[in-house]
Amino acid sequence: MPNRVARLSPIGLFVLYGQADGASTAEMMDGVWRSGRSVMISPNYTSGGLSFDPNDPHAVSGAQWYLDAPSGIDLDLPDAWEITKGSSSVVVAVMDSGIVTTHPEFSGRLWENPAELAGSPGVDDDNNGYFDDVNGWDTTSFDGDPNIGDDDGGSLGTGVGHGTFVSSILLANTDNSHQIAGFDHDARLLTVRSFNQATGINLGHVLGGLDYLLVNVGYWDVVNMSWIAPASATLLGAVLDSLEDEEALLVAGAGNYSASTEDWIPASHPLAVTVSATDDTDSLAVLTNTGPSVDFSAPGVDIYTAAFDDPSSTNAFHSESGTSFSTPMITGIASLGLSLRPGMTRDELV
């Protein structure tokens, strides 16, 4: 509860002084709201009208145009960061091709399973059915190392380092003078490696990733799925139905075939918050799938990401296009929202 309450006006405007961290503010606001004695409540802002401008090279140069562009066709992230930069108590699962875990943009940001971190190698210390899942899980090799270099090449085309790209857009370390600025500066990343770029999508691996998420639904708050499979894969739909019963928040890419989302899953599943792609003119990208399942659109053309193959270089980057890269933007906005109101239900957050 607040340390002090000051009344500012006869009509009932009060200022509540408490601890300055985001979690305490959110708890205080939630308690006041639930008391039924307030009709409106808001965090106080003390920025003096200045927005937060990160020093990451490609944010400074304007290459990350979707953050804050002179044209106004952007997501105004510097203004959002004046409200919240995220919270380390929020865990975002990224179900993809793995990540380069040693990348400077992920330093200090990996989710850690405390039971497995302090446990015995080769033993399922937390009895969740998976052994040594310290930072997540790899269903392609059935072990707790989601790194494996984040495969390159193969049937998925030029998306070398796909999982690293997606994860960096979402939560690359920001204001560290390195490569790019991520959307969420404090959330933790739980990696579920569910496909291998050298071989493409394997139904068994994807089902294994969904099973990991379902079994460990208490570990994470929101999951990013920047991939699609044919809607005819009914087993995927059945597992997603189970995740829906858990009120999980799943953010999915619409797909890149200039076709209907209804032919693809998870994009067409009722559980998914489905994201299409726009360009820097605020038009739908030519490549994006569309349809009644799409909930949001976000920038997805010429998107700068962290460098998969040159992580140590300050100015290295990759430029990518597709709904794979618009999707983590919506996931990042969701995780920022959860940092303010951690008790929100899925529907309230959407």
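Colleague: A charge sits over a ring if NZ of Lys or CZ of Arg is within 6 Å of the ring centre and within 35 degrees of the ring normal. Which charged end sits over the ring of Phe52?

Modeller: That of Lys85, 4.7 Å from the ring centre. Before going on: this is a predicted model, with local features needing pLDDT of at least 70 and side-chain atom pairs counting only at pLDDT 80 or more, while totals for chains, interfaces and linings use all residues. Residues are numbered from 1 along each chain as its sequence is written, and side-chain values use heavy atoms, without hydrogens and water.

Colleague: Fine. How many helices and strands are in the chain?

Modeller: Nine helices and 13 strands. These are DSSP runs numbered from the N terminus: H or I of at least four residues for helices, E of at least two for strands.

Colleague: And what share of the residues is buried?

Modeller: 50% of the 350 residues. Buried is under 20% relative accessible area, exposed is over 50%, and partly exposed lies in between, with a 1.4 Å probe and protein chains only. The accessible surface of the chain is about 15,400 Å², and carbon and sulfur atoms hold 52% of that surface; the areas come from the Shrake-Rupley method with a 1.4 Å probe.

Colleague: On to the sheet. What is the strand order?

Modeller: β4-β5-β3-β6-β8-β10-β11, seven strands in an open sheet with parallel pairing. Two strands pair if DSSP finds at least two bridges between them. The edges are β4 (136-138) and β11 (294-299), each pairing on one side only. From one strand to the next the twist averages 25°.

Colleague: What packs on the sheet?

Modeller: Helix α8 (residues 323-340), which touches β3 (91-96), β6, β8, β10 (272-278) and β11. The direction of α8 makes about 125° with that of β10. Contact is heavy atoms within 4.5 Å; axes are lines fitted to C-alpha atoms, for helices over the stretch in contact, and angles run from 0 to 180 degrees between N-to-C directions.

Colleague: Which strands is β6 bridged to?

Modeller: Three bridges join β6 (residues 222-225) to β8 (residues 250-253), and three join β3 to β6. Val223 has Leu250 in β8 as its bridge partner, and Asn224 in β6 stands opposite Val94.

Colleague: Are the faces of β6 covered or open?

Modeller: Both are covered: Val222 and Asn224 on one side, Val223 and Met225 on the other, all buried.

Colleague: New topic. How many aromatic pairs?

Modeller: 13. Rings of Phe, Tyr and Trp (its six-membered ring) pair if their centres lie within 6.5 Å; planes under 30 degrees apart are stacked, over 60 edge-to-face, the rest tilted. For Tyr130 and Trp137, the centres are 4.8 Å apart and the planes at 70°, so the pair is edge-to-face. Both Tyr130 and Trp137 are buried.

Colleague: Why is the pair of Tyr304 and Phe317 stacked?

Modeller: Because their planes are at 5°, with the ring centres 4.2 Å apart. The two are 13 residues apart: Tyr304 is in β12 (residues 303-305) and Phe317 is in the loop between β12 and β13 (318-320).

Colleague: How accessible is Tyr304, and how accessible is Phe317?

Modeller: Tyr304 is buried at 18% relative accessible area, whereas Phe317 is partly exposed at 35%.
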